[in-house]
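Subject: Structure for your review

Dear colleague,

Please find the structure below, handed over for your records. My notes on selected regions follow it.

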Amino acid sequence: MLCCCCYCQMIPSESHEEEENEAPVKAKRSKTEDAGGEEVVYHPVKLSRSDLYRPPTAEELNQLKEAESLFHCSLLKMQMEELLKEVALSERRKQQIDSFIQTVTKLLRTVPESPEVEVSDLSWLSSAVKVPFLLVPKTTKGKFHMTPPASVDLIGSYPLGTCTKPRVMVDLAVTIPADVLHPKDVVNQRYPRKRALYLAGLAQYLASSSDIGSMLYSCLHGNRLRPVLLLTPPGKDSSSFIVRVHACPPPGFFKPNRFHPQRNNIRTEWYTGLQTSQSGKISSEPPTPHYNSSVLGDLLPRAHLQFLSAVSSQCSAFADGVALLKVWLRQRELHQGAGCFNGFLASMLIAYLLTSHRISNSMTAYQLLRNTLNFLASTDLTVNGISLAKDPDSTPSLAEFHDAFQVVFVDPSGHLNMCADMTACTYKQLQHEASVSMQFWDNPTVDGFHSLLMTPKPMIRTSDHIFQLCELVKLQSSCKKLNLLSELMDHSGNYVHTALPYILSLLQRGLGQRIHLLTHSLSPDPEWSVESEAPKHKAQPPLSFGVLLMPELAASALERGPPADSPKAAEFRQLWGSRSELRRFQDGAITEAVLWDGESMCQKRLVPRQIITHLLQLHADIPESSVRYVGAMVDDVIKTGSELPSTGEEESLLVVQSYDDLSRKLWRLEGLPLSITAVQGAHPALRYTQVFPPLPLKLDYSFFDREKTSRSLVPKEGKPCPAYITPITVICHMEGSGKWPHDRLAIRHIRTAFHIRLGELLKKHHNYTCRPCPTHLDVWKDGLVFRIHVAYHREPQVLRESVNAEGLLVVRDNEEAQALEMATIHKPLLTSTLHGLQQQHPCFGAVCRLAKRWLGAQLFGDDITEDTADLLVASLFLQPAPFTPPGSPQVGFLRFLHLLSSFDWRNNPLVVNLNNQLAATDYTEIKNDFTATRESLPVLFIATPKDKKQSIWTKRAPSVQMLQRVVMVAAESLKLLENQLMDSNQIQDVRVVMRPPLDAYDVLIHLNPKQVPRGIMAGNVTQSGGALPVINYNPVSLYMAELREAFGDLALFFCDPHGGTVIAVLWKPKAFIPVPFKTSQVSARSVVVTGEEANTVPNVEAILEDFRIMGKGLIKSLEARTEKWSL
């Protein structure tokens, strides 16, 4: 069973520590030595024979039936139950909370009184405690005095039973006595200021008590008008829970109709300090719906608790359903911050569905979660709001709420919109997430539980492009430019929340069809010391925006507008400003249009960046320097070309076009004894996944000597290594015929003859320079080399056949036959399939190139081969749950690192459903076969439709140790890279993840950079014909092969194949164990005599000297770290 116990550790939070000394569960769970409680030990339970074979009870039969009808399998039911146990509060934790609440309540009831003073007079407050409020404007009318609270009550999730770990928050409502307040305090921030003063008074009194651990101020869901006091218990329990103290007016103190969304409670004259011609006329004042809902929210928490308790008592699974929904929201980062969909809203939504009879009281927690997500996916609260009010006639209508707010969900009183602070974009994100969850929930091929509730979805890994507004103070000028004074008053000066909806709406208009979804980060609830002033609005972290792109439209450089004479033309010009111009198109139409810069694909990918920076500068006065665009920062590592930067798409397309042309010419060849049945590419460049695609080369003849007999060019000894020329493999299948021999040697001779004949015909008809060999034919075409292998479909079978001593035909599988099948059948099929995937997902190739560049740079290129890496990336596109398929190379690369570091390679096969050929039954069969034969299978197991049982791509590598290292380095790289991309203060180069940690290695062989081929020297394409250059010449790989052959039993050798200038050597652990002396085993060893025994150990000095001799001319220096091993 997939373990749920890691849930609390997966999610960063202040109180993520597991409880100490957890109470035993069902007498089977024992306390481990580690008080963190992370490891769980189960002891077998002894049952009598009668208990063991007792027939199931009616309840057990019902549970079995429910598991069968509701879940894919009983495993999912068990996983849900385990997760609910994991997030529920233990009895011990509840006792701690109850005890601390009693202590706090006693203290609060003894708060001393203070004399009445003006609201602006803070002389009664000690200088050690500050008021948690931004006093803008400075003063307001009213009197205030400190006095003990009228009552102290538990509110929120804890008394309701829906409070969950890891961040345990207990809400305590402290009622401000009626004589402190005045009925007119709703006007001009009088009540919010008195509320803040009352909290400061409580903080001052509690500061002297030793029964309180730490004290901080915060804001309720980022709303600065609703500060709260955070208390923690003293001692070792300080991080186990937080008590959040809310100051509230007495129930019913203010009349609810004062808070109608169209009423004004902030006077312009008071807020601006300027006399206006309309001063005194309330009817001309702008409405203040957000301010009204902030004050009204303090009046209703007790009524909300009563309502939810009544609903909860009718539905036994209510608390569990809410807990699952809260976990789902937390994993998607929607559960906290300004305008979030918090646990309270989750409870209210399930209550709405229950009271409106959309779901039944008898449903299980699983069904509650499923139906709630289904409702969210299908209901747009930005258009059709919902209400819990039973008497809608006496309260504001939904239409009036929609006029004032973007998202509408009205509470049972009918006066409060509980989604007042939520932006339409946040709700659309919630809707999108619910929709995606519903899509993969019923898919039996997806691990629904893990994708739904256990996989975190941070913005950096979910959105294709991200950009940040770094200097939030610039939003002040945005408010001026957008003329948002009345909205700024409504938000009490919070220019960030004021400007945000308008900026989102502007970007939504500009990006239009290019994007599927626009999201933004939710400003975290600020927390600050009671001794500090309230932080300014600009002090919060940068605002991050995420964009989900529509791949087919996002990279278009042309924005075509309405015809010049259309009424919409003026609107288009107003939106785009000077960038809009009249253009005539090929179809004769003359329309408004905007043309963005971008020639290569990597430039076109950043067209959204040009749109965003242009619109923000033009309409919101936000300069480009304040926008940090994190869309393609990682792409730099695969960029080539100085004049026109490219990430390989254009070069790959040239290779594919040249191959297509060659393929057509091969098909049309006449004069062959047998016809060609298939021409297939079998090279990464033909599926767009070669890290640096082969470039058409113009040869520099000064680097070569001409070898006359074979008309070839040979590298000169004194010159640097010539550019690496990749042979592009092409498999040419010949038709079957009775003329083919049945002897393996004869088949090879026939193939050689075909290579010669093909070369002659290509030279004769197309003047291509060709060089036939026994194993292949090299064709020099368009500055590229194509290596054609003639294949006969029965040859692998012939290689498996042999005649034994009795003269019987024996068929045995062998490595030679497998290698031939891999080269002529599996690789061409994989290439054509992945080429098709590239056509569906334009960034697939770039993600593969990034992934393989990282694997090469971290020296894992020999362990995770090119084909394996391509299949790993393909799985991200074919089964992206819980995400959508990657829409940019960067997000695809981050998910690749996450897959490597988090997938359970030991217990699960990775199924890559190419061409969607596998059904649910195939998945079950693969999983069962894998489980049955796990020990004999590769450590990294990849199943495909044509390879369900063997994982042919990972048979030879990686080993267990190397996979562990890959997983560890991937996890570190992911953590480092995500921090760098999201933290605007870090100026470190993102290329740092491409630099391998070399301290783990024992010997470093530094190579002469001039002798390391780069293969990135583009020039004008040479004509076909002429002398053939040296092909596939890489001194580094040849040297590596020699080292492995000579010293493979003693050491492992690693190198970056993409121009790496260091070979790292790691001694094998068993290499230094002394072995008895044998004359046949003294190579590279020295004899050590102890007493009468003669043993041999590796002679390290001699081995290092051999390294130098073998690599003469290639080695620059050799660094031996002798402290790493003992001689």
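Two strands are taken to pair if DSSP finds at least two bridges between them; helices (H or I, at least four residues) and strands (E, at least two) are DSSP runs, numbered from the N terminus. The model is predicted, so local features need pLDDT of at least 70 and side-chain atom pairs count only at pLDDT 80 or more, whereas totals for chains, interfaces and linings use all residues. Residues are numbered from 1 along each chain as its sequence is written, and side-chain values use heavy atoms, with hydrogens and water left out.

An open sheet is formed by three strands in the order 34-36-35, with antiparallel pairing. Strand 34 (1075–1076) and strand 35 (1085–1090) are at the edges, each with a single partner strand, so one side of each has no neighbour in the sheet. Strand 34 is joined to strand 36 (residues 1093–1098) by two bridges, and Pro1076 has Asn1095 in strand 36 as its bridge partner.

Helix 28 (residues 815–840) reaches 35 Å from its first C-alpha to its last, close to the 38 Å expected (1.5 Å times one less than its number of residues). A kink of about 40° is centred on Met822; the bend at a residue is the angle between axes fitted to the seven residues ending there and the seven starting there. Among the buried residues of this helix are Leu820, Met822 and Pro828 (buried means under 20% relative accessible area, with a 1.4 Å probe and protein chains only).

Thr379 lies in the loop between helix 13 (365–378) and strand 10 (386–387) and is buried, with a relative accessible area of 16%.

Kind regards

Terms used: Buried means under 20% relative accessible area, exposed over 50%, partly exposed in between (1.4 Å probe, protein chains only).
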